[in-house]
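Here's a quick tour for anyone meeting this structure for the first time.

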Amino acid sequence: MFEKVTAYPGDPILSLNEDFQRDPRSGKVNLSIGIYFDDNGKLPVMEAVQQAVQQVLAGPGARPYLPMSGLADYRSAVQSLVFGSSCEAQKAGRIATLQTLGGSGALKVGSDFLKRYFPDSQVWISDPSWENHRVLFEGSGFKVNTYPYYDSNTGGLRFDEMLAAIEGLPARSIVLLHACCHNPTGVDLNHEQWQALVPVLRERNLIAFVDMAYQGFGDGLDEDAYAPRLLADAGITCLVANSFSKNFSLYGERCGGLSVVCADKDEAQRVLGQLTCTVRANYSNPPTHGASVVARVLNTPALRSLWESELGAMRERILAMRHAIHKGLQGHVHGPALERYLSQRGMFTYTGLSAEQVDRLRAQYGVYVLRSGRMCVAGLNKNNVGVVASAVAAVQS
């Protein structure tokens, strides 16, 4: 019956992570998968999350189905975190928000929704972008194109070319934008560049789809949400996918959200209804536990304060590792190839390493980096950063 089914080649990131697990070397270092590890190389369990779990489990034991749209307290907390507590669009009821299965689930639901109402539109993602962006949108039936983004020579942004490309897009094109801590490059738009992009989106009648998977890992919770808040304040109709996998260290709970900024309250209610219809056709309704934990943290002042403090410490540790590897590479790597470790933000850095150099890193030194050269600096710690710096210097010499 299934003799014509071809083998799945695998996701390049997850496949590389599986190779790492099979590697018998004791000194191996995994800088491939996008997960935050603490200074001991462990996946952290945040104290605020632990306390919230205990409180949730102390409550009623029944676990009925959630509504298709998700837990109400969770959804309102998502809106406030993403758009800010003073957001006029939120106060006016112009934002439709859905609990989703992580950030990927938000992208998938949003993609399916857009395909139903804009079947002739095409999607434009940054060059490069997270590999799964293309997979998700193509899975909904969209043709996926790219716009200029990363400058491999400088390790920075090709903003003028990006803006010119977006200015030339047909009306109702869907433009996928990274809010902060761009994956895979770590290169973000600054405030002035976001402000220059807004009128282009409006004048060209484009659909902005903002992916915010790393809120809090760049400059702070509010600072990292600058883009979706700017779009909402400017009256731009947009979709925003957010995730709590990284900033709550709740990867396996699949906690995310999809928000759609609409023209008025009536439109938002109709959009929410059709989003729930999309959920019904995918997974019917979301799970309870992770959302209950996140909602408890975000809606309890003491837990919220503790969580923000812990998240700030995680952000500062990533920055410290950027400075550490930068220091370790001084005298071995020069110019933009060195400075990008400090100029880029968040969990990832595009090292500029070639695929061949990455292969040498893995084979000779047990350091695992994606073949694109993307390094997860959140996997560095005080015990391995010197080893990694020496290995990178060796393959680049």
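Helices here are DSSP runs of H or I with at least four residues, numbered from the N terminus. Keep in mind that this is a predicted model. With that in hand, let's start with the open spaces: the largest pocket has a volume of about 570 Å³, and the second largest pocket holds about 440 Å³.

**The largest pocket**

- A set of 28 residues lines the largest pocket, and Gly34, Ser104, Trp130, Tyr214 and Lys246 are the ones nearest its centre.
- Two or more lining residues come from each of these elements: helix H1 (12-22), H5, helix H6 (131-139) and strand S8 (207-212).
- H5 provides the largest share of the lining of the largest pocket, with 4 residues.
- Sorted by class, the lining of the largest pocket has 13 nonpolar, 10 polar and 5 charged residues.

**The second largest pocket**

- Look for Phe118, Ile207, Thr237, Glu267 and Val271 if you want the centre of the second largest pocket, as they lie nearest to it among 20 lining residues.
- H5 turns up here too, and along with helix H8 (191-203) and helix H11 (265-282) it gives at least two residues to the lining of the second largest pocket.
- The most comes from H11, which gives 4 residues to the lining of the second largest pocket.
- The lining of the second largest pocket splits into 12 nonpolar, 4 polar and 4 charged residues.

**The cavity**

- There is 1 cavity of 30 Å³ or more, and the largest cavity has a volume of about 40 Å³.
- Its lining is made up of Tyr74, Gln99, Thr100, Glu253, Arg254, Cys255, Gly256, Pro287, Gly290 and Ala291.
- Strand S2 (95-101), S10 and helix H12 (289-299) each give two or more residues to the lining of the largest cavity.
- By class, that lining has 4 nonpolar, 4 polar and 2 charged residues.

- Helix H5 (residues 102-117) has 16 residues, so at 1.5 Å a residue it should span 22 Å; its end C-alpha atoms are 23 Å apart, which agrees.
- Buried residues of H5 include Gly102, Gly103, Gly105, Leu107, Asp112 and Phe113.
- After H13 comes Gly331, which has a positive phi, near 90 degrees.

**Ser259**

- You'll find Ser259 in strand S10 (residues 255-261).
- Ser259 counts as buried because its relative accessibility is 1%, where buried means under 20%.
- The side chains of Ser259 and Thr97 are joined by a polar contact of 2.9 Å.
- Beyond its neighbours within four places in sequence, the contacts of Ser259 include Val78, Phe83, Ile95, Cys238 and Val240.

**Gln215**

- Gln215 sits in the loop between S8 and helix H9 (221-224).
- Gln215 is buried, with a relative accessible area of 2%.
- Its side chain reaches the backbone oxygen of Leu221 at 3.0 Å.
- Leaving out neighbours within four places in sequence, Gln215 is in contact with residues including Leu81, Cys180, Asp224, Arg229, Asn247 and Leu311.
- Gln215 and Val49 are 166 residues apart in sequence, and their C-alpha atoms are 17 Å apart in space.

Methods. Residues are numbered from 1 along each chain as its sequence is written. This is a predicted model: local features need pLDDT of at least 70, side-chain atom pairs count only at pLDDT 80 or more; totals for chains, interfaces and linings use all residues. Side-chain values use heavy atoms; hydrogens and water are left out. Buried means under 20% relative accessible area, exposed over 50%, partly exposed in between (1.4 Å probe, protein chains only). A polar contact is a pair of N or O atoms within 3.5 Å; within protein, one must be able to donate a hydrogen and the other to accept it, and residues adjacent in sequence count only if both atoms are side-chain atoms. Contact means heavy atoms within 4.5 Å. The expected span of a helix is 1.5 Å times one less than its number of residues. On a 1 Å grid over the protein atoms alone, a cavity is a set of points where a 1.4 Å probe fits but cannot get out, and a pocket is an open set with protein on both sides within 12 Å along at least five of seven lines; lining residues have an atom within 4 Å of a point. Grid points are joined across faces, edges and corners, and a volume is the space filled by probe spheres set on the points. Ala, Val, Leu, Ile, Met, Phe, Trp, Tyr, Cys and Pro count as nonpolar, Asp, Glu, Lys and Arg as charged, and the others, Gly among them, as polar.
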